[in-house]
Amino acid sequence: MAKTYDALLPKLRDFIGEQKMFFVATAPLSTEGQVNVSPKGLRGTFSVLDDRTVAYLDFTGSGVETIAHIRENGRICVMFCAFDGPPRIVRIHGTGDAVEPGDEEFESLLAHFDAYPGVRSIIRIRASRISDSCGYGVPLYEYKGERDQLQRWAENKGSDGLAQYQRDNNTESIDGLRSGLGDH
């Protein structure tokens, strides 16, 4: 049975801090649109900002669903699940926004994370519901390490190459919603 919380209590923060991976889900308003679920990871890319606000680094990638969806309707859910140790799932439902380089708050938010190349935005989520559940059905996995392909790809592209990639590939979602990236 899921338990809900009014805030990200220390035990939830500790659990979140121990996880190597999390999942982000968003959807457009249209019932014809595609629901999107993205796996995320890399150390130092997720931060609890306060009792009801979290954020994560959003890297340049193949799609732009999360940004397009939250700019359309704000809805977002982040899920952490234990792949080792005691079983547990923590979900944070809320309203998100994308803070881009050049936005007034970007640099102060960026200070909460480890440094990585290729950061496209910071996704900030204000929680409307915080819950945990048993996670008994989540299998046990052994963590072997982090992949470095994303960082190497971003470093090889350089800032101009990343900007061009975003213009070519990250201006709209698979459903045709505009991402608004770079529309300052």
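A residue counts as buried when its relative accessible area is under 20%. L42, at 17% relative accessibility, therefore falls on the buried side of that cut-off. With that in hand, welcome to a short tour of this predicted model.

**The largest pocket**

- The largest pocket has a volume of about 950 Å³.
- Its lining is made up of 34 residues, and M21, P39, K40, G41 and L42 are the closest to the centre.
- At least two lining residues come from each of strand 2 (21-26), strand 3 (36-41), strand 5 (53-59), helix 2 (65-73) and helix 4 (149-169).
- Strand 3 provides the largest share of this lining, with five residues.

**L42, beside the pocket centre**

- L42 is one of the residues closest to the centre of the largest pocket, and it sits in the loop between strand 3 and strand 4.
- Most residues other than glycine have a negative phi.
- L42 is not a glycine, yet its phi is positive, at about 75°.

**The second largest pocket**

- The second largest pocket holds about 290 Å³ of space.
- Of the 18 residues in its lining, P101, R120, L162, A163 and Q166 lie nearest the centre.
- Strand 8 (119-133) and helix 4 each give at least two residues to this lining.
- Helix 4 gives the most, with seven residues.
- The lining of the second largest pocket counts six nonpolar, nine polar and three charged residues.

**Helix 1: one face in, one face out**

- Which residues of helix 1 (residues 10-18) are buried? They are L12, F15 and I16.
- Looking down the axis of helix 1, the buried residues fall within an arc of 100°, so they line one face of the helix.
- On the face turned away from the buried side, helix 1 carries the exposed residues P10, G17 and E18.
- The cover over the buried residues of helix 1 includes strand 1 (3-5), strand 4 (46-50), strand 6 (75-81), strand 7 (89-99) and strand 8.

**Helix 2: mostly covered**

- In helix 2, seven of the nine residues are buried, which leaves the helix mostly covered.
- The buried residues of helix 2 are E65, T66, I67, A68, H69, I70 and N73.
- Strands 2, 3, 5, 6, 7 and 8 are among the elements that cover them.

- T66 lies in helix 2 and is buried, because its relative accessible area is 6%.
- Leaving aside residues up to four places away in sequence, T66 touches V24, T26, N36, Y56, I76 and I123.
- T66 and Y5 are 61 residues apart in sequence, and their C-alpha atoms are 25 Å apart in space.

- S133 belongs to strand 8, and its relative accessible area of 19% makes it buried.
- S133 and I89 are separated by 44 residues in sequence, while their C-alpha atoms are 5.2 Å apart.
- The residues S133 touches, not counting those up to four places away in sequence, are A2, R88, I89 and R91.

**Cysteines**

- How many disulfides does the model have? The count comes to zero.
- For a disulfide, two cysteine sulfur atoms must lie within 2.5 Å.
- C81 is in no disulfide, and the nearest cysteine sulfur, that of C77, is 11 Å away.
- C134 is in no disulfide either, with the nearest cysteine sulfur, that of C81, 12 Å away.
- Is each of these two buried or partly exposed? C81 counts as buried at 5% relative accessibility, whereas C134 is partly exposed, with a relative accessible area of 33%.

Terms used:
Residues are numbered from 1 along each chain as its sequence is written. This is a predicted model: local features need pLDDT of at least 70, side-chain atom pairs count only at pLDDT 80 or more; totals for chains, interfaces and linings use all residues. Side-chain values use heavy atoms; hydrogens and water are left out. On a 1 Å grid over the protein atoms alone, a cavity is a set of points where a 1.4 Å probe fits but cannot get out, and a pocket is an open set with protein on both sides within 12 Å along at least five of seven lines; lining residues have an atom within 4 Å of a point. Grid points are joined across faces, edges and corners, and a volume is the space filled by probe spheres set on the points. Helices (H or I, at least four residues) and strands (E, at least two) are DSSP runs, numbered from the N terminus. Ala, Val, Leu, Ile, Met, Phe, Trp, Tyr, Cys and Pro count as nonpolar, Asp, Glu, Lys and Arg as charged, and the others, Gly among them, as polar. Buried means under 20% relative accessible area, exposed over 50%, partly exposed in between (1.4 Å probe, protein chains only). The arc is that of the directions from the helix axis to the C-beta atoms. Contact means heavy atoms within 4.5 Å.
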